[in-house]
Amino acid sequence: MIKKNINVVIGLMLMVLSAFWIYQMTTLYYRYHFTNIVFAFEYPTWLIGTNIALGILVIYHGFQLTKYKSRLKKNILTAGFICITGILINNFYYLIQLV
């Protein structure tokens, strides 16, 4: 009983956090392209799209965890790897552009 509840709680946490991540990126995209705000620093459009795609992947893994179709350890490792990949891309994207 407790293990089922842990899967549901962690799955919902993953989905909520990644939905917030997607919301932040779509808001940033909207502010860059459809407002008259001048930014001193902007993320490239491909980076915002990559972040949205990674957020959708984390939502998928959270959904799989709440429906008991995968194991907790595997899902946490996969979602953690996706989040760390997103953080690294956000901080070091300029190195990718130079290649």
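A polar atom of the T66 side chain lies 2.8 Å from the backbone oxygen of F63, where a polar contact is a pair of N or O atoms within 3.5 Å; within protein, one must be able to donate a hydrogen and the other to accept it, and residues adjacent in sequence count only if both atoms are side-chain atoms. The model is predicted: local features need pLDDT of at least 70, side-chain atom pairs count only at pLDDT 80 or more, and totals for chains, interfaces and linings use all residues. Residues are numbered from 1 along each chain as its sequence is written, and side-chain values use heavy atoms, with hydrogens and water left out.

T66 belongs to helix 2; helices (H or I, at least four residues) and strands (E, at least two) are DSSP runs, numbered from the N terminus. With a relative accessible area of 14%, T66 is buried (buried means under 20% relative accessible area, exposed over 50%, partly exposed in between; 1.4 Å probe, protein chains only). Neighbours within four places in sequence aside, T66 is in contact (heavy atoms within 4.5 Å) with N7, V8, G11, L12 and M15.

G55 is also placed in helix 2 and is buried, its relative accessible area being 0%. When residues up to four places away in sequence are not counted, G55 touches S18, W21 and I22. The C-alpha atom of G55 is separated by 9.5 Å from that of Y23, a residue 32 residues apart from G55 along the chain.

In soluble globular proteins, nonpolar side chains tend to be buried together.

Six aromatic pairs are present in the structure; rings of Phe, Tyr and Trp (its six-membered ring) pair if their centres lie within 6.5 Å, with planes under 30 degrees apart counted as stacked, over 60 as edge-to-face and the rest as tilted. Y29 and F34 form an edge-to-face pair, 6.5 Å centre to centre with 70° between the planes. Y29 is partly exposed at 32% relative accessibility, whereas F34 is exposed at 56%. F41 and Y43 form an edge-to-face pair, 5.6 Å centre to centre with 70° between the planes.
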